[in-house]
Amino acid sequence: MKIHWLIVAGVAVAAVFPTVLVVAMALSSNDNGPVVIAGFVGLVLSAGLSFYIARRVARPLRQFDTAAMSIARGKFGVQVEVGGETELGDLARTFNYMSAQIEAYDHETQRLYEDIEAGYLETMVALANSIDSKDSYTRGHSQRVAEMAVEIGKELKLTPRELKQLRYGGILHDIGKIGIVEAILLKKSTLDPDEMKVMRQHPTIGDSIIQPVSFLKEIRAAVRCHHEWWNGTGYPDGLKGEKIPFIARVVSVADTWDACTTTRPYSRALPEDQALAVMEKLRGTHLDPSILDAFLKVIEKRRTSAPESVKLAV
Ligand SMILES: [Fe+2]
């Protein structure tokens with residue numbers, strides 16, 4: 001039985017008992033009319049009073065119940081509105097203080113978590129930079145891939161959390177190159193088949209490097225799968241189409257664009273129009289067509305928003 005009805009019943013019994021006593025006494029006397037009326041008025045008043053008291057007690061209790069459920073669901077800091085100097089008022093003030101404290105602890109925990117995450121990321125970025133800086137040709141590559149991946153993500157209306165994952169994925173996609181011997185990594189000519197086999201291990205090496213870092217678990221796909229091809233002929237797993245994780249398909253487009261537009265030991269940077277033609281050739285074979293479309297919109301926006309002097313230089 002709900003407390004509301006317990007209070008109604010309790011107050012009603014307490015008020016009805018004397019009323020019934022008065023009515024019984026009146027019935028035993030001759031002139032009982034006014035007393036009977038007074039008795040009925042008393043009954044009605046006692047019923048009204050019991051409902052009023054029940055509401056006064058049950059309403060704040062319902063507020064506590066709703067607020068406690070909100071806290072249980074992670075909405076910390078929720079407050080209840082119970083005033084006055086009653087015990088319920090004291091309970092409300094204690095409850096509100098507790099809720100505010102939980103919210104403060106939650107913010108502090110969140111801040112510490114973000115500090116740890118930033119610390120991990122800085123370490124990873126330092127590692128990625130150490131790979132890029134080994135070779136003057138790839139300096140800044142990871143950062144540029146991250147920036148382009150995020151721009152594509154914005155074009156695809158991704159959430160801030162997904163954009164953050166794309167940024168991390170772009171920065172870390174080649175982290176596995178740290179495990180490739182420099183004779184192969186820095187070779188100025190085309191790699192022979194055996195060397196290529198070694199070089200193609202960098203996605204799986206990278207995956208195993210970041211695998212123990214729990215907050216990077218959603219980034220692993222970008223590291224492991226950024227050389228998978230849309231038509232299923234990529235590596236390391238030969239995934240095809242949408243079987244390739246989305247984050248990896250975006251990083252792949254950004255990575256390919258950076259490879260086309262920067263000078264490498266074995267190829268010169270292509271002018272933008274030629275690089276775009278190469279990207280178009282890779283549509284549906286190497287690159288996901290829908291992500292390529294988003295990338296083309298990014299390039300178009302960059303062109304239209306570039307200052308006149310930059311446009312002339314291009
Ligand atoms: Fe790579």
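Reader: How many helices and strands are there in the protein chain?

Author: The protein chain has 13 helices and zero strands. Helices (H or I, at least four residues) and strands (E, at least two) are DSSP runs, numbered from the N terminus. This is a predicted model, in which local features need pLDDT of at least 70 and side-chain atom pairs count only at pLDDT 80 or more, while totals for chains, interfaces and linings use all residues. Residues are numbered from 1 along each chain as its sequence is written.

Reader: What is the span of helix 5 set against?

Author: The expected span is 1.5 Å times one less than the number of residues. Helix 5 (residues 160-172) has 13 residues and reaches 18 Å from its first C-alpha to its last, close to the 18 Å expected.

Reader: Why are helix 10 and helix 12 called oblique to each other?

Author: Their axes are 10 Å apart and the helices pack at an angle of about 50°. Axes are lines fitted to C-alpha atoms, for helices over the stretch in contact, and angles run from 0 to 180 degrees between N-to-C directions. Angles under 35 degrees count as roughly parallel, over 145 as roughly antiparallel, 65 to 115 as roughly perpendicular and the rest as oblique. Helix 10 and helix 12 are therefore oblique.

Reader: Which residues of helix 10 and helix 12 meet?

Author: Arg249, Val250, Val253 and Trp257 in helix 10 meet Ile291, Leu292 and Phe295 in helix 12; residues are in contact if their C-beta atoms, placed from the backbone, lie within 7 Å. By class, this contact has six nonpolar, no polar and one charged residues. Ala, Val, Leu, Ile, Met, Phe, Trp, Tyr, Cys and Pro count as nonpolar, Asp, Glu, Lys and Arg as charged, and the others, Gly among them, as polar.

Reader: Why is helix 4 oblique to helix 10?

Author: The axes of helix 4 and helix 10 cross at roughly 130° and come within 8 Å. That angle makes helix 4 oblique to helix 10. The contact includes His141, Arg144 and Val145 of helix 4, and Val250, Val251 and Val253 of helix 10. By class, the contact has nine nonpolar, two polar and three charged residues.

Note on methods. Two residues are in contact if their C-beta atoms, placed from the backbone, lie within 7 Å.
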